[in-house]
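Here is a short briefing for a reader new to this structure. Start with the model itself, then take the topics in turn.

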Amino acid sequence: KDILTPLSKVSAIEKNAILDEDTITRIYSWGHSRIPVYQQMFDSTGNIVHDDISSITAVLLTRNLIVVDSYDKRPLSTLPLLIPICVDPDMSLVDLLNVFQEGG
C-alpha cells in the first residue's frame with residue numbers, strides 16, 4: 001500500500017476524450033508514459049452519473065499519440081488501449097514485479 005498513488009493524485013483521461021491539440025499537450029505535460037483511461041457512466045436519459053477516475057478501464061501508452069494529428073480531433077477510444085492489470089493492494093512488491101515481468 002505504501003507505493004500506491006492515491007486516485008486523487010492520478011492524472012487520467014476519459015475514454016471518449018477528443019485528441020485535439022489541448023488534450024494531447026495536457027497528456028504530455030503529465031510526464032508519464034502510461035495514462036489511466038476511465039469511462040463515464042450515464043443514466044437512461046444520457047446524463048452523466050459517474051465521472052471520476054475510479055472506473056479505470058484501460059491504459060494509454062503515450063507513444064501511440066505520435067501518429068495522431070490533433071487537427072483530426074480523433075476520439076481516444078480509436079487508439080489501441082491496454083487492459084489494466086488489477087492487483088491486490090496487499091500484494092508484496094516481489095510478487096507484483098513477477099506479475100509485470102510475466103506480462104500479466
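The protein has two helices and seven strands. The model is a predicted one. Along the sequence, the elements run β-β-α-β-β-β-β-β-α. The chain has 104 residues, and 26% of them count as buried. Take the contacts between residues at least 6 apart in sequence: 53% of these join residues at least 24 apart.

**Helix α1**
- Helix α1 spans residues 21-29, and T23 lies in it.
- The buried residues of α1 are T23, I24 and I27. They sit on the same side of α1, because they cover an arc of only 95° around the axis.
- D22 and S29 are exposed, and they are carried by the face of α1 turned away from its buried side.
- The cover over the buried residues of α1 includes the strands β1 (13-14), β2 (18-19), β3 and β6.
- Just after α1 comes G31, with a positive phi of about 75°.

**T23 and I13**
- T23 has a relative accessible area of 9%, so T23 counts as buried, the cut-off being under 20%.
- Neighbours within four places in sequence aside, T23 is in contact with I13 and I18.
- I13, with such neighbours again left out, is in contact with T23, R26, I27, W30, I35, P36, V37, Y38 and L76.

**The nonpolar core**
- The largest nonpolar core has 13 residues.
- Those touching the most other members are I13, L19, I27, L60, L65, L76 and L79.
- Three elements, α1, β3 and β6, each supply at least two residues of this core.

**The largest pocket**
- The volume of the largest pocket is about 990 Å³.
- Its lining is made up of 23 residues. Nearest the centre of the pocket lie L4, P36, V59, I85 and F100.
- Two or more lining residues come from each of β3 (34-38), β6 (56-61) and α2 (93-101).
- By class, the lining of the largest pocket holds 17 nonpolar, three polar and three charged residues.

Definitions and conventions
Residues are numbered from 1 along each chain as its sequence is written. This is a predicted model: local features need pLDDT of at least 70, side-chain atom pairs count only at pLDDT 80 or more; totals for chains, interfaces and linings use all residues. Side-chain values use heavy atoms; hydrogens and water are left out. On a 1 Å grid over the protein atoms alone, a cavity is a set of points where a 1.4 Å probe fits but cannot get out, and a pocket is an open set with protein on both sides within 12 Å along at least five of seven lines; lining residues have an atom within 4 Å of a point. Grid points are joined across faces, edges and corners, and a volume is the space filled by probe spheres set on the points. Helices (H or I, at least four residues) and strands (E, at least two) are DSSP runs, numbered from the N terminus. Ala, Val, Leu, Ile, Met, Phe, Trp, Tyr, Cys and Pro count as nonpolar, Asp, Glu, Lys and Arg as charged, and the others, Gly among them, as polar. Buried means under 20% relative accessible area, exposed over 50%, partly exposed in between (1.4 Å probe, protein chains only). Contact means heavy atoms within 4.5 Å. The arc is that of the directions from the helix axis to the C-beta atoms. A nonpolar core is a set of buried Ala, Val, Leu, Ile, Met, Phe, Trp, Tyr and Cys residues joined through side-chain atoms within 4.5 Å.
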